[in-house]
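I opened the model to look up its core, one of its strands and one of its helices. My notes follow.

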Amino acid sequence: MSWLTNFVRPKLRALGIKPDVPDNLWIKCPSCEQMLFHRELVTNLHVCHYCDHHLRLPAADRLEMLFDEGEYQTIELPETVTDPLRFRDRRRYTERLRDARHGDDRRDAVLVGHGDMGGHPAVVAAFDFGFMGGSMGVAAGEGLLAAANLAVLQDAPLIVVPASGGARMQEGILSLMQLPRTVIGVQQVREAGLPYIVVLADPTTGGVTASFAMLGDIALAEPGAVVGFAGTRVIQETIREKLPEGFQRAEYLHEHGMVDMVVHRRALRERLIAIIDLLRNTRPLAEVVPLERPGKTTGKSADGKPEEASRDKPPEDKAGPEPQAEPGEAPTKDA
Ligand SMILES: [Zn+2]
C-alpha cells in the first residue's frame, strides 16, 4: 500500500483529482466478524445487519439519533484544569488527551446537547467511548453537572447515555471525586421534580456504575450492553466460581431487576418519547383519555380516573415549561 499511498495519492491530489475513499470504508462487526459497509452501518444506526450487534456509537451520532429531526444544540462545557497531577505512564497524559482530541471540537468524553424530543424539551448527555474509553475525569463530571443544571433551568427531563470504562486513572482522586458530584447533579434534577432517564450503552462499567448511571428513575439498556462494576474476569478470579452465561449483559440484568427495559436502538427514540410523554404529561388525564363523566366530579364513577385527572397540574400551569427561557445559558450552536 505504501507505493499507492505515498506516491499515487499525492500525484492524484496534485492533479486535483480527489480520491474519494475514506480510510474506514469497511468495519468488521466485533460479534459476527462480517464486514460492514460504513454507509450502510450509519443508516442502520451502527447496528450490524447480520447479527443485530449494537456497535459503539460516537456521542454526536447518539444525540443526532435522539432529537427531533436530528437537530440539537450543544452547550460549551466549563474549562477544567488539564493534567492536574502531571501524570505520566508510558506516555504523558497531556499527549494522550491531545491525541484523543485530535483537532476536532470534542473536548472530553461527554457531549451535552439540548433540543426537542417528540416536542418536549430535553437535555441529553452522551459519553463517547472513543475518547479515552469514555473515562470520567473532572471534565466529564463538569459536563454531567452542566447537563443537570441545564435540565433544571429548562424544566426538561435529563437523559444520560453512559458508555464508559469508569474513572479516569490519570486524574487519580480528582476523578473519584466526580462520583459524589454527579450524584448531587442527579439529586438536583430529582428535587426539581424532573425525570432522570439513563440509557445504559455498551460498556457501562467501573466508576460510572458506582454513581449516576445506576440512579435513573427509569433505566433502559441497549441489547447486549455490558453493565457492571468490576469486570467478569476479576469477579471470577476473586470468588473462584464460574459465572452464569450472559453475566453482566443487559438482558441478564433485566431478568434480575437491575434494568427496566432492554430496547433496540431503532426503537430507542420512540420509547424515550413515550416515557417522557407519560412522565411529563401536564394536561389533565381526561384530555388525553376521554372519559364518560357523570354530572358529579366525586370520582365515584368508574375506576378513580377522574380523580387522578384532578390530581394533575391545573391547566393554568400548562404554559410552565419554557424550553428556551434562558438563551444566554446555552451559548454554542452546533453545526
Ligand atoms: Zn454482526
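I began with the largest nonpolar core, which has 63 residues. I took such a core as a set of buried Ala, Val, Leu, Ile, Met, Phe, Trp, Tyr and Cys residues joined through C-beta atoms within 7 Å. Val 112, Ala 147, Leu 158 and Leu 200 touch the most other members. Helix 5 (residues 138-154) gives the most to this core, with ten residues.

This is a predicted model: local features need pLDDT of at least 70, side-chain atom pairs count only at pLDDT 80 or more, and totals for chains, interfaces and linings use all residues. Residues are numbered from 1 along each chain as its sequence is written.

Next I looked up Val 112. Leaving out residues up to four places away in sequence, its contacts include Thr 74, Val 123 and Ala 147. Contact means C-beta atoms, placed from the backbone, within 7 Å.

Then I checked strand 4 (residues 110-117), where seven of eight residues are buried. Buried means 20 or more other C-beta atoms within 10 Å of a residue's own, exposed means 12 or fewer, and partly exposed lies in between. Helices (H or I, at least four residues) and strands (E, at least two) are DSSP runs, numbered from the N terminus.

I looked up the partners of strand 4; pairing takes at least two DSSP bridges. Strand 3 (residues 73-74) pairs with strand 4 in the antiparallel sense over two bridges. Thr 74 stands opposite Gly 113 there. Strand 5 (residues 120-127) also pairs antiparallel with strand 4, over eight bridges. His 114 stands opposite Val 123. In this hairpin, Gly 118 takes a positive phi near 60°.

Last, I checked helix 8 (residues 232-239): its count of buried residues is zero. Just after helix 8, Arg 240 takes a positive phi of about 50°.

Definitions and conventions
Contact = placed C-beta atoms within 7 Å.
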